[in-house]
Structure formats: structure tokens, C-alpha cells
Amino acid sequence: MGQCGITSSKTVLVFLNLIFWGAAGILCYVGAYVFITYDDYDHFFEDVYTLIPAVVIIAVGALLFIIGLIGCCATIRESRCGLATFVIILLLVFVTEVVVVVLGYVYRAKVEKEVDRSIQKVYKTYNGTNPDAASRAIDYVQRQLHCCGIHNYSDWENTDWFKETKNQSVPLSCCRETASSCNGSLANPSDLYAEGCEALVVKKLQEIMMHVIWAALAFAAIQLLGMLCACIVLCRRSRDPAYELLITGGTYA
């Protein structure tokens, strides 16, 4: 009965090690996704420390490849030292993922305040004639998120660009995709996106943080199961004489 329990634990442990390799790829993907998305919205959220959870989660993903290898070798070879090392590393990674979750919630709470501060400055410096990086970022966000202005399209009336052009129009990136003849004129507001960009940018960045948080939580749960199975194998190996004889190839006297 004891050997059956150990075998089951070992089978689950080997399976979990395979999951760790898959998890490593997913975590690295999530971290890379955060980096790529941040690059699109960095003008609206200047706090680079927001990328800390993404950096940590990529590092954890890379480490999970090594953990999976150690776990498989230790389980197959029945190495007490290897299994103990496996449990310790898993525990450290588990603590790291808890830190990622905490940081994710901290920076998720800061998003709205940070975006509100940055977006005002970015819109004021918009230059549609000779667009710089910030101006291109505004056009990109308005097209991607289907929005116009900070709170609505009327915000453009307070910008230097609007006053200089004197044509009573907003950037073409404010035009709805269905409005083929749109030229950005405020005389035809039905052709423009009605929703402002600030709320949508905040929502997008908070969604990114939630992806990191949920990924860390999911794989932290898997790691807990891995630590439990490894501990079961270690304890049974130490206490069950029959299991010890099975490993060494010995027989009862």
C-alpha cells in the first residue's frame, strides 16, 4: 500500500515537471507580452518600475526550465539530495511568485493616477504636422482603442496643435473606421470616436497587470502541488523499509 502511494506521488511529480516546462514557456510569453504592450503605452505610463513584475516572471519562467530538469532527474534516480534541492528551489520560486502578485496589485492600483498625470502632458505636446514619438503614440492609441481625446473629442480644442491649425478638426486617428469620408472635422461629430482615451488606456494597462497576477497565482498553485508530492516521496523513502529495499535492490533477511 505504501509503495502504491509512493508510485502515485512519483507519477504525479514527473507529470508536474513536464507541466513546469510548459509553464516556463507561458510565463516567458506573458512577460514578453507585458514588455511589448508597455512599449506601445510607455508615453502614458512613465513609471518603468511597472516592468519589475514582468522581469521577475520571465526570470521565473527561465528558472522553471531548470527546475523541471532537476525534478525529473531527481524523481527518476530516486535522489534524496536531488528531491530536497528540488523542494527548496520550488519554495524560493513560490515566494518570488507571491512577491510578483503583490507587486502586480501595487502597480495596478497606481495605473489610474499615473496615466492621468502623463496623458495630459502628452496631448498638450501633440504635433500632427511633424509627429514625434509621443504624437505617433497618441495616433496609435486612438486607432487601436477606438477613442478620441482624453475624456472625449472636445479635449482637442484645448491643445496647442488645434489652435495652431485653425481648421476646427481633430487628428484623423479619431475617425471611426466606418466613416470613410471623415476628415476629423468637429462639424461631423458622428464620424468621430465618442469615448475618451484615458479610461481605455487605464483599463488596458490594468488588464496587463491582471495577466501577470493570474499567471503567477496559477503556477504558484502548481508549484505547491509539486512540493507536496516531492515531500511525500522524501518522507516515504526515509520511513518505509520496503521502499528503501526496492530502491537498493536488497531483500528482507
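Is Q168 buried, partly exposed or exposed, judged by its relative accessible area? With a relative accessible area of 46%, Q168 is partly exposed, because the buried class lies under 20% and the exposed class over 50%. The model is predicted, and its overall build is set out first below, followed by individual sites.

**Overall build**

- The protein contains seven helices and zero strands.
- Read from the N terminus, the order of elements is therefore α-α-α-α-α-α-α.
- The protein has 253 residues, of which 43% count as buried.
- When contacts between residues at least 6 apart in sequence are considered, 72% of them join residues at least 24 apart.

**Annotated spans**

- An unreviewed UniProt entry carries the annotation "transmembrane region" for residues 12–36, 48–71, 83–107 and 212–235.
- In the model, the span 83–107 is 100% helix and 0% strand.

**The loop between α5 and α6**

- Helix α5 covers residues 160–165 and helix α6 covers residues 197–239, and K166 lies in the loop between them.
- Q168 is also found in the loop between α5 and α6.
- Most residues other than glycine have a negative phi.
- K166, which is not a glycine, has a positive phi of about 55°.
- The phi of Q168, likewise a residue other than glycine, is positive and near 55°.
- K166 counts as exposed because its relative accessibility is 70%, where the class begins over 50%.

**E157, between α4 and α5**

- E157 is placed in the loop between α4, which spans 133–145, and α5.
- At 37% relative accessibility, E157 counts as partly exposed.
- Beyond its neighbours within four places in sequence, E157 is in contact with F162, K163 and L186.
- E157 and V170 are 13 residues apart along the chain, and their C-alpha atoms are separated by 8.2 Å.

**L27, within α1**

- L27 lies in helix α1.
- L27 counts as buried because its relative accessibility is 0%.
- The contacts of L27, leaving aside neighbours within four places in sequence, are I57, V60, G61, L64, E97, A215 and F219.
- One of these contacts, A215, is 188 residues away along the chain, yet the C-alpha atoms of L27 and A215 are separated by 6.9 Å.

**The cavity**

- The count of cavities of 30 Å³ or more comes to one.
- The largest cavity holds about 70 Å³ of space.
- Which residues line the largest cavity? The lining is made up of V34, Y38, F45, T50, L51, V111, L205, I208 and M209.
- Helix α1, covering residues 2–41, and helix α6 each supply at least two residues of this lining.
- Helix α6 gives the most to the lining of the largest cavity, with three residues.
- By residue type, the lining of the largest cavity comprises eight nonpolar residues, one polar residue and no charged residues.

Key: Residues numbered from 1 in each chain as written. Predicted model: local features only at pLDDT ≥ 70, side-chain atom pairs only at ≥ 80, totals over all residues. Heavy atoms only, no water. Helix = DSSP H or I, 4+ residues; strand = E, 2+ residues; numbered from the N terminus. Buried < 20%, exposed > 50% of the residue type's maximum accessible area, 1.4 Å probe, protein only. Contact = heavy atoms within 4.5 Å. UniProt positions renumbered as here; feature names shortened; annotations may be inferred. 1 Å grid on protein atoms, 1.4 Å probe; cavity = no way out; pocket = protein on both sides within 12 Å on 5 of 7 lines; lining within 4 Å. Points joined across faces, edges and corners; volume = space filled by probe spheres on them. Nonpolar A, V, L, I, M, F, W, Y, C, P; charged D, E, K, R; others polar.
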